[in-house]
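Morning, everyone. I'll take a few minutes on one model. Have a look at it first.

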Amino acid sequence: MRKERGLLIVLSGPSGVGKGTVRKELFSKAGTNYEYSISMTTRSPREGEVDGVDYFFKTREEFEVLIEEGGLLEHAEFVGNYYGTPLAYVNETLDAGRDVFLEIEVQGAAQIREKAPEALFIFLAPPSLSELQNRLVGRGTETEDIIKKRIETAREELEMMSLYDYVVENDEIQNACDKINAIIVAEHCRRERVEKQYLSMLRGE
Ligand SMILES: Nc1nc2c(ncn2[C@@H]2O[C@H](COP(=O)(O)OP(=O)(O)O)[C@@H](O)[C@H]2O)c(=O)[nH]1
Ligand SMILES: Nc1ncnc2c1ncn2[C@@H]1O[C@H](COP(=O)(O)OP(=O)(O)O)[C@@H](O)[C@H]1O
């Protein structure tokens with residue numbers, strides 16, 4: 001029996017919607033059977049963030065070398081910094097039959113839609129723009145100017161929502177996590193059944 005390639009799961013949504021919080025909650029549970037791909041960024045570490053855990057923190061020069069060498073599955077510039085997904089880690093993990101979870105913004109997700117349309121695309125949406133602003137301000141990690149830019153970007157990001165396979169509103173953290181896990185389980189069921197059908201067709205049944 002050939003080994004199934006893992007599923008690539010893409011979670012996007014505007015800054016401040018709660019992607020990081022939801023992702024940490026998903027990964028805190030025993031039995032989570034997907035792997036988190038740690039991104040590269042040129043953003044400075046926030047207090048408490050650890051290199052190699054939260055991000056791989058890079059200089060612009062280092063990041064540009066990575067782009068040139070083709071080391072990234074996707075990358076984007078977001079409010080003045082580069083962010084990107086390491087290609088080798090994603091490929092190796094998927095090839096080993098394990099699912100990979102990416103938490104990335106919408107431009108990067110659009111690149112993956114081109115390169116890997118079989119991926120599962122989930123958009124995490126805020127209950128409202130004002131609630132998004134409250135969360136960004138409440139987090140207290142950005143200056144007023146950066147928050148303003150992130151909110152402006154959020155308006156454009158929200159317009160991309162309809163391109164996603166699923167939209168989950170992050171009203172309550174646990175509620176959003178339950179929905180995301182249900183979507184992943186359902187997608188596996190769909191793929192397994194389609195694969196079974198394909199194999200039985202090949203056997204001429
Ligand atoms: N395209 C892309 N976006 C990423 C990647 N890693 C993180 N991001 C996104 O970049 C945006 C800014 O990230 P960050 O500065 O950590 O802010 P936060 O997500 O609001 O805490 C967020 O929307 C992240 O999801 C990546 O590898 N590629
Ligand atoms: N469902 C939720 N309800 C209320 N606040 C939330 C919820 N999810 C996240 N938050 C808060 O919103 C802020 C932004 O969340 P974060 O995970 O950093 O967002 P993102 O990674 O999308 O930028 C944080 O202070 C977090 O505690």
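Which residues does UniProt list for "binding site"? The unreviewed entry gives Gly13, Pro14, Ser15, Gly16, Val17, Gly18, Lys19 and Gly20. Keep in mind that this is a predicted model.

Now the wider annotation. The unreviewed UniProt entry has "domain: Guanylate kinase-like" over residues 6-185. That span is 43% helix and 22% strand. The C-alpha atoms at its ends lie 13 Å apart.

Back to the listed site. Take two of the glycines. Gly13 sits in the loop between strand 1 (8-12) and helix 1. Gly13 counts as buried, because 30 other C-beta atoms lie within 10 Å. Leaving out residues up to four places away in sequence, Gly13 touches Lys19, Phe123, Leu124 and Ala125.

Gly16 is in the loop between strand 1 and helix 1. Gly16 is buried too, with 23 other C-beta atoms within 10 Å.

On to the ligands. Ligand 2 has 14 residues around it. Gly18, Lys19, Gly20, Thr21 and Arg135 are the closest. Helix 1 (19-28) and helix 5 (129-139) each give two or more residues to that shell. By class, the shell has two nonpolar, eight polar and four charged residues.

Ligand 1 is surrounded by 17 residues. Closest are Ser15, Ser39, Tyr83, Ile104 and Gly108. At least two residues each come from helix 1, strand 5 (72-78), strand 6 (81-86) and helix 4 (106-115). This shell divides into four nonpolar, eight polar and five charged.

That's my tour. Over to you.

Conventions
Residues numbered from 1 in each chain as written. Chains lettered and ligands numbered in written order. Predicted model: local features only at pLDDT ≥ 70, side-chain atom pairs only at ≥ 80, totals over all residues. UniProt positions renumbered as here; feature names shortened; annotations may be inferred. Helix = DSSP H or I, 4+ residues; strand = E, 2+ residues; numbered from the N terminus. Near = placed C-beta within 6 Å. Nonpolar A, V, L, I, M, F, W, Y, C, P; charged D, E, K, R; others polar. Buried ≥ 20, exposed ≤ 12 C-beta atoms within 10 Å, placed from the backbone. Contact = placed C-beta atoms within 7 Å.
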